[in-house]
Amino acid sequence: MRLDTKYVYRFISKKELEPIRAEVKDAHNMLEKGTGPGSDFLGWLHLPSATSKDYLRKIKSLAADIRKTSEVFIVIGIGGSYLGSRAAIEFFGVRNHKHARPEILFAGNSIDPDYLSNLLSGIKGKEITINVISKSGTTIEPATAFRIIKNVMKKRYTASELKKRIICTTTKAKGALCQMATMKGYRSLYIPEDVGGRFSVLTAVGLLPMAVAGIDIEEVIRGAADIEKKSSSSADIDKNPAYHYAALRNLLYRNGKKIEIGCSFHVSLLSVLEWWKQLFAETEGKEGKALFPQAAIFSTDLHANGQLIQQGERNLFETFIRIKKKGADLKLPREKENIDKLNYIAGRGLSFVNRMAYEGTAKAHADGGVPNMALIIDERSAYCLGQLFYFFQRAVGISGYLLRVNPFDQPGVQAYKENMFRLLGRPACR
Ligand code: PA5
């Protein structure tokens with residue numbers, strides 16, 4: 001993978017870059033030595049290289065079992081508990097993954113009764129397995145969805161069948177979900193205590209749903225472990241694209257570029273960008289600071305926020321994710337009448353048109369005062385997906401320290417919950 005910075009250095013001088021090199025080194029040392037704020041949540045840092053083949057085999061075997069017995073697999077979770085697996089599954093194209101069965105659905109990521117009712121009516125009569133994922137076990141969105149779906153399943157399956165069809169991914173020996181799983185005998189997978197939700201995609205949280213979807217999780221981990229190794233071996237931004245990215249976005253922020261648009265010309269990257277958005281927003285948005293991350297798919301969104309990006313307030317920059325190797329392609333046919341005047345590109349593939357749209361956009365936005373850079377992955381593969389996940393995890397760890405916040409807590413998430421619980425009349429927890 002490579003970071004193309006052509007359209008950033010028009011806005012940042014090499015001189016500005018020099019002082020941040022030392023800051024990046026300090027941030028690197030804080031991560032590697034565990035001396036920075038939030039260091040008891042660094043379990044993700046060397047997780048890929050510590051993930052054994054045996055562990056992955058166990059996940060794969062559970063996934064194979066689920067595929068055999070289920071038409072529908074429902075991932076129940078919110079935030080870090082589902083965004084990564086959804087990103088991975090959609091990265092390969094929702095209808096395109098190797099195993100068309102089971103259908104994979106997501107629940108418990110809102111409290112919207114319309115959404116859940118629709119989901120329930122769509123799965124009537126189908127063989128279901130659910131994976132309820134919650135580190136705390138008390139998050140209201142997944143907890144309410146779990147109760148409701150479990151109630152439906154209870155009418156259909158015996159208690160012993162339920163034990164196989166409910167899989168809990170949670171903290172070991174702690175929390176409500178773990179307690180429930182132990183009491184009821186549900187199958188369980190564990191999230192390491194020192195891995196925060198938004199850093200958990202490479203744990204069982206992400207790996208089981210990915211394996212159920214037929215994604216090669218060994219390759220995902222191999223890709224992540226490669227970036228882990230490269231990142232650990234050099235804090236030099238010239239050698240480490242994740243650190244280079246972290247440094248550039250902080251310099252842009254310091255120059256008044258407060259909004260980062262994570263964007264791509266590949267529709268299948270939308271959920272990866274949603275995962276990225278949560279990772280960066282929850283890691284950095286505190287103490288009155290943050291780059292505001294916004295996800296966009298182009299050229300779709302060029303017809304929505306393109307005008308604003310080109311000519312609105314100059315407080316933003318863009319980070320594109322590009323895929324180097326061409327995937328599927330469709331040739332534009334020639335038409336004799338040429339009423340739509342498209343014959344000048346007849347015979348060309350849509351991928352060429354899409355690529356030119358990117359080139360044109362990146363230049364236009366830079367010319368209009370919007371710095372942009374592109375993270376380029378080689379191909380749409382499990383290996384590259386693993387690289388991508390780890391790249392951004394590492395980058396946000398460094399970036400959070402450059403911003404001088406604790407990257408690994410999320411104290412602000414409590415505020416809405418406390419109001420909601422009060423309004424709902426929840427009894428005080430002892
Ligand atoms: O990244 C985070 O920590 C959060 O997004 C959590 O993943 C999210 O709030 C869900 O929490 P839990 O897994 O405890 O249900």
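This is a predicted model: local features need pLDDT of at least 70, side-chain atom pairs count only at pLDDT 80 or more; totals for chains, interfaces and linings use all residues.
1. A disulfide is taken here as a pair of cysteine sulfur atoms within 2.5 Å. By that criterion, the whole structure contains zero disulfides. C168 is in none, and the nearest cysteine sulfur, that of C178, lies 8.8 Å away.

2. Residues are numbered from 1 along each chain as its sequence is written, and side-chain values use heavy atoms, with hydrogens and water left out.

3. On accessibility, buried means under 20% relative accessible area, exposed means over 50%, and partly exposed is in between (1.4 Å probe, protein chains only). C168 is buried, at 0% relative accessibility. C178 is also buried, at 7%.

4. The whole structure has 27 salt bridges, each being a side-chain nitrogen of Lys or Arg within 4 Å of a carboxyl oxygen of Asp or Glu. One of them joins R198 and E282, with the closest N and O atoms 3.1 Å apart. This pair links distant parts of the chain, 84 residues apart: R198 sits in the loop between β6 (187–191) and α9 (204–212), and E282 in helix α12 (residues 270–284). Helices (H or I, at least four residues) and strands (E, at least two) are DSSP runs, numbered from the N terminus. R198 is buried, with a relative accessible area of 3%, whereas E282 is partly exposed at 24%.

5. D367 and K363 are both in α14 (residues 350–367), four residues apart, or about one turn of the helix. Their N to O distance is 2.7 Å. D367 has a relative accessible area of 46% and is partly exposed; K363, at 40%, is partly exposed too.

6. D329 and K326 also form a salt bridge, at 3.6 Å from N to O. D329 is partly exposed at 31%, while K326 is exposed at 58%. Elsewhere, a network of salt bridges links E127, R156, E161, K164 and R165.

7. Volume is the space filled by probe spheres set on the points, which are joined across faces, edges and corners. The largest pocket holds about 1000 Å³. Of its 35 lining residues, K135, S136, T139, Q410 and K417 are the closest to the centre. Two or more lining residues come from each of α6 (140–154), α12 and α16 (414–424), and α16 gives the most, with four.

8. The second largest pocket holds about 880 Å³. It is lined by 34 residues, with H266, G327, A328, S351 and N354 nearest its centre. Helix α14 supplies the largest share of this lining, six residues. Domain 1 (2–36 + 220–402) and domain 2 (47–215) each give at least three residues to the lining; the domain bounds come from an automatic or database domain assignment.

Note on methods:
On a 1 Å grid over the protein atoms alone, a cavity is a set of points where a 1.4 Å probe fits but cannot get out, and a pocket is an open set with protein on both sides within 12 Å along at least five of seven lines; lining residues have an atom within 4 Å of a point.
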